[in-house]
Amino acid sequence: MKSELKESLGYIFFKNPVLVLGLIIGHLAAGDTNLQNAAALSITFFFVTVPVMLFASTIGKKIPAGFNLVCYALFSAAMLVPAYSLSGSISATIFDSSGIYPALLAVSTVPIIYSSKIAEKQTPIKAIFSGLCITAGFIITAVILGAAREFLGSGSLWGFKLADAIYPAAKLPFWGFILLGFMAAIVNWIKEIFKKSEKGEEEGA
Amino acid sequence: MSYIFQFLTMMLTALFVENIIFTRALGTSWMFYLTKRPGEIIKYTLLLTGVTTVSGLIGYPLNGILHGSAMRHVLVPVMYIAVMAVVYIAAYLLIKKFLPEKFENLGINLGTAVFNCAALGTLLIPANARFDLITTLGYGIGMSLGFGFAAIVVAYGLTRLEYCRVPKIFRGIPIALIYLGLLSLAFYGLVGHQLPT
Amino acid sequence: MKEKLMFQNAPHVRQSESVVTMMTDVIVALLPIYLMAFFYHGARSLVLGLCGALCCSVLSVLGALLLREKPVPDLTPIITGLIIPLLLPADIPYYVVISACAVAIFVVKIPFGGTGSNLFNPAAVGFASVAICWPELVFRYPATMQAIEIFGESTAKIAQSPAYSLSLGAVPDYNVLDMLLGSAPGPMGATNILVVAACGIFLIVKKAINWITPVSFIVPYALLCLLFPRIGGSPFEALCYELFSGTVVFGAFFMLTEPVTSPKRDFGKLMAGISSAIVVFLFRYFGGFEMGFASALIVMNVFSPIYDAICESVLHVSRHKESFVASIKEETKLRKNKKEEEKPVIRVIEKAKEPEELPEIKTEEISEEEILPEKEPEEIDLSENSEEKEEEALQL
């Protein structure tokens, strides 16, 4: 029980879905260019992850084999409607600035594969918990990347002008990839430090 | 004749200028997954081509109806996912009936090939830009072939990285992302600042 | 005793050339180009070069320290830092040069393992990144023969570069001699074609670079330009304008020949040169920017290991030519013998072939089964934090 809890909590940092498992890279690299887009992506991700994993853990086993993926895809597509009505309140132009990338989350790896591979074997509560942890890991990455790219690219945060643009190219997809790569390297570095300290403690004991 | 020319131009544009991975960043996680199994790239590319072509054909008239509504930002993706679901079920039942020997584990294989960001993105971009039917089909085929091309290039690059003295913290996903980013930079140099939205 | 016997590790080099002398040769060859830039644009060009070289070497030492490695004395960052300003206009602000150097060192060199294992040309990537970021600064060239202020914003007169006129399909308003001598506006190191070519020939004579790469790049490129001219007028004039504008000649001698990212075998260099000529031509013809050399070079760097692999296989065949020919002869003999036999036997052979094909399909099916079940254990491995398995999963 405890180990499962620990495993789910790991999705926040040490098994971060983006930076360690390498799952939802494209949406962040191309779509996450400012904080508002990060918010829209996070809201959509929450709606397509947690309910779909709950759906999979409760009804998933009763669906005949071969049709479960269709059901998850259709369910997550239906979940786009509340997600869009909520993210529409962020700003008037959010759908134009974030483009197609929030909608693409509905068929990304997490709702489709993770629901069938992980959530189906879990009890509903555990499925909700691991879904929340995955969402938290995604939100942390999206917000850091979005803030960094917005500040570098246009010198503003959440649309408020703070300074002049430092590096306009930061908004382009390739800087998204490179920045994500460096963030993943930092996560690896912190993991190494933790490992070393754990080893040190063991030796000391 | 002009239709064929239009089709080919759109296909080449989608293949090189608007490459699905390097400039659009669609389906990257799926591509990373395939680079570990280079033998399956061609099979999945063909599947992706089939899915985008058939779904594009079915979705084109429906998109014309939905495009005027105020809720189109959400209705168009939902419609395309529904169309993909229909295509999936049809393909599933057909294979089950006519090729039962290939049936084993079909659900999950076909499912991953149909429901992914690469397929949906390839359908949504021409739908939002309101391409006509010929360019939509050309775009879908070019994007799918571009996916295979990008997957092969990245798979080769990642095998080459094994001979580099990559520092420990960069091994694995970080260096793959940086490699992808640099390739993406080179393709962006071709497009210039005129990337169509 | 000391004079006659030398104690050193494995590569017992008896030649005078080594990595260090090669690199110093390249640096020496870059200095005359800086002198010409000084002649045309004033002292700012020299300060830009110093800034680039300093920046790159400091950043590479810093990167080594961040990774907790011992910094190795290395001349390649200095070369990178000297090449980058030469590709930029002389009135470029200093922060552009610094950002290009930072990209070249921190993104291209250090993550891939430093000198010797970078997959891309650092100078090309650094230049391409700033060209995409600040195109209005990078592609705006000052007119020649005027001194530019060393610090602060430049007030120099701006002139249209020949490369830009060509991309519009217009004939540049400079004659060919101007372009050879470098008095046409353009990147501060790439305009004076004569000096650049002389420095390149110096490098070839000193054996710092191989002659095959520049020649196999420039000749096909010239042919392509002759066949598909972008401007009217005599084809020879069009050819001169295409060759002498932009960074084609400079890149052919100083960037394409970078020893780490270019193919190792001569035949591979030939193939790489020809294919880069085609790609550069296409990038310049259809690209969004007026010069696509850097982007084309990055794309070509991806293919150079592929050329190496092709060369190895070709060489393998040619070295074992006799045994290879003998084996082919044996095969043909066997086939002839089979043909001479009666028809029913062939049918038997065909039937025998069928089972050969079937197992292939079966293996595919097995691989299909493996696809997704494989994915799950990997993720569970990660949670277990077992070191070996984690490393396997991470090494994509």
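Modeller: The radius of gyration here is taken over C-alpha atoms, and the globule rule is 2.2 Å times the number of residues to the power 0.38. Keep in mind that this is a predicted model.

Biologist: Why does the radius of gyration of chain A agree with a compact globule?

Modeller: With 205 residues, the rule gives a value near 17 Å. Chain A has 18 Å, so the two agree. Along the principal axes, its C-alpha atoms fill a box of roughly 55 × 55 × 25 Å.

Biologist: What makes up chain A?

Modeller: Chain A has 9 helices and 2 strands. Their order along the sequence is α-α-α-α-α-α-α-α-β-β-α.

Biologist: How do you know that α3(A) is mostly covered?

Modeller: A residue is buried if 20 or more other C-beta atoms lie within 10 Å of its own. In α3(A), 21 of the 25 residues are buried. Across the 205 residues of chain A, 55% count as buried.

Biologist: How does the reach of helix α3 of chain A sit against the expected span?

Modeller: The helix covers residues 35-59 and reaches 36 Å from its first C-alpha to its last. That is close to the 36 Å expected at 1.5 Å a residue.

Biologist: What makes up the contact between chain A and chain B?

Modeller: Chain B gives 41 residues and chain A gives 40 residues. On the side of chain B that touches chain A, α4(B) brings the largest share, 10 residues. The residues of that side divide into 27 nonpolar, 13 polar and 1 charged.

Conventions. Residues are numbered from 1 along each chain as its sequence is written. Chains are lettered from A and ligands numbered from 1 in the order in which they are written. This is a predicted model: local features need pLDDT of at least 70, side-chain atom pairs count only at pLDDT 80 or more; totals for chains, interfaces and linings use all residues. Helices (H or I, at least four residues) and strands (E, at least two) are DSSP runs, numbered from the N terminus. The expected span of a helix is 1.5 Å times one less than its number of residues. A residue is buried if 20 or more other C-beta atoms lie within 10 Å of its own, exposed if 12 or fewer, and partly exposed in between; C-beta atoms are placed from the backbone. Two residues are in contact if their C-beta atoms, placed from the backbone, lie within 7 Å. Ala, Val, Leu, Ile, Met, Phe, Trp, Tyr, Cys and Pro count as nonpolar, Asp, Glu, Lys and Arg as charged, and the others, Gly among them, as polar.
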